[in-house]
Amino acid sequence: METIIQVENVSRVYHVGARKVPALQDVSLAMAAGKLVALRGRSGSGKTTLLNCIGGLDQPNSGRIWVGGEEVTKLSEPRRVQLRRRQIGFVFQSHALLPTYSARENVDLMLRLASVPRQERRARTEEVLQLVGLSKWMDHRPYELSGGQQQRVAIARAIATRPTIILADEPTGELDTATGQQILQLFRHIADVEGTTILIATHDLAVDAFADEVVHLQDGRVIPSLASAH
Ligand code: ADP
Ligand code: MG
């Protein structure tokens, strides 16, 4: 099976004054195309740092990372920006939608940034908003939507450009349990329907039920999963 994300011996140390904080220590992992993988660990275990390194928002001190055959850790900043635009969709804990834009306009903006022609934009916008269950809410603005619906818009926006991978950082962090479950279900649905490779960083145990694989981080290291112990 095609490997879409490869992380090899990645370490990331933050310098806080004279102190060194090892956020990632010799992390290696591989993700196959089309899989939904959960990156689980407590707060401070290094999940966000790893996602940022994979997505080219941060750079490791050592080690190498490939996304879709391209070595992210070797790219210049402009090329990394390009890779992010073309291949990666981000979903964060706080959806960061533009408040004065409707759901439709928020999604359309991403397609415009990716230089998708106008005729295609309309169809794709409606398609992804339908996919996330918001066909009736396309012309509503964020403040007219619930937290779960806002997160659905953020997900629609992330998948609109058909990225190779989706990186989601605590996407259920601000949602109640039931709504969080629905959002995880939606990620599962997207992996199945669109074939998008999805990496979800979370401390939420509920993710296990929806993931093809669970990677555990502890103090910046990958720890052997309990599932593979028997
Ligand atoms: P998680 O997302 O699992 O909560 P993080 O990747 O945010 O973990 O953090 C991993 C470790 O790195 C923590 O000890 C955190 O305090 C530290 N850290 C993260 N970002 C920074 C930063 N910008 N400067 C200094 N230390 C940081
Ligand atoms: Mg985090």
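**View 1. Polar contacts around ligand 1.** A polar side-chain atom of Thr48 sits 2.8 Å from an oxygen atom of ligand 1, a polar contact in the sense of two N or O atoms within 3.5 Å. For Gly46, a polar backbone atom is 3.1 Å from an oxygen of ligand 1. Taken on its own, ligand 1 has 560 Å² of accessible area, and the protein covers 62% of that (Shrake-Rupley method, 1.4 Å probe). This is a predicted model, where local features need pLDDT of at least 70, side-chain atom pairs need 80 or more, and totals for chains, interfaces and linings use all residues. Residues count from 1 along each chain as written, chains are lettered from A and ligands numbered from 1 in written order, and side-chain values use heavy atoms, without hydrogens or water.

**View 2. The shell around ligand 1.** Among the residues surrounding ligand 1 are Tyr14, Val16, Arg42 and Lys47; a shell residue has a heavy atom within 4 Å. The shell splits into 4 nonpolar, 6 polar and 2 charged residues, with Tyr counted as nonpolar, Gly as polar, and Asp, Glu, Lys and Arg as charged. β1 (3-16), β2 (19-32) and α1 (47-54) each bring at least two shell residues, and α1 gives the largest share, 3 residues. Helices here are DSSP H or I runs of at least four residues, and strands are E runs of at least two.

**View 3. Helices α3 and α4.** The axes of α3 (residues 103-113) and α4 (residues 118-131) come within 9 Å and cross at roughly 125°. Axes are lines fitted to C-alpha atoms over the stretch in contact, with angles from 0 to 180 degrees between N-to-C directions.

**View 4. Helices α5 and α6.** Here the axes of α5 (residues 147-159) and α6 (residues 177-194) come within 10 Å, crossing at roughly 20°. The two helices α5 and α6 are therefore roughly parallel.

How values were computed
Polar contact = N/O pair within 3.5 Å; in protein donor to acceptor, adjacent residues only side chain to side chain. Parallel < 35°, antiparallel > 145°, perpendicular 65-115°, else oblique.
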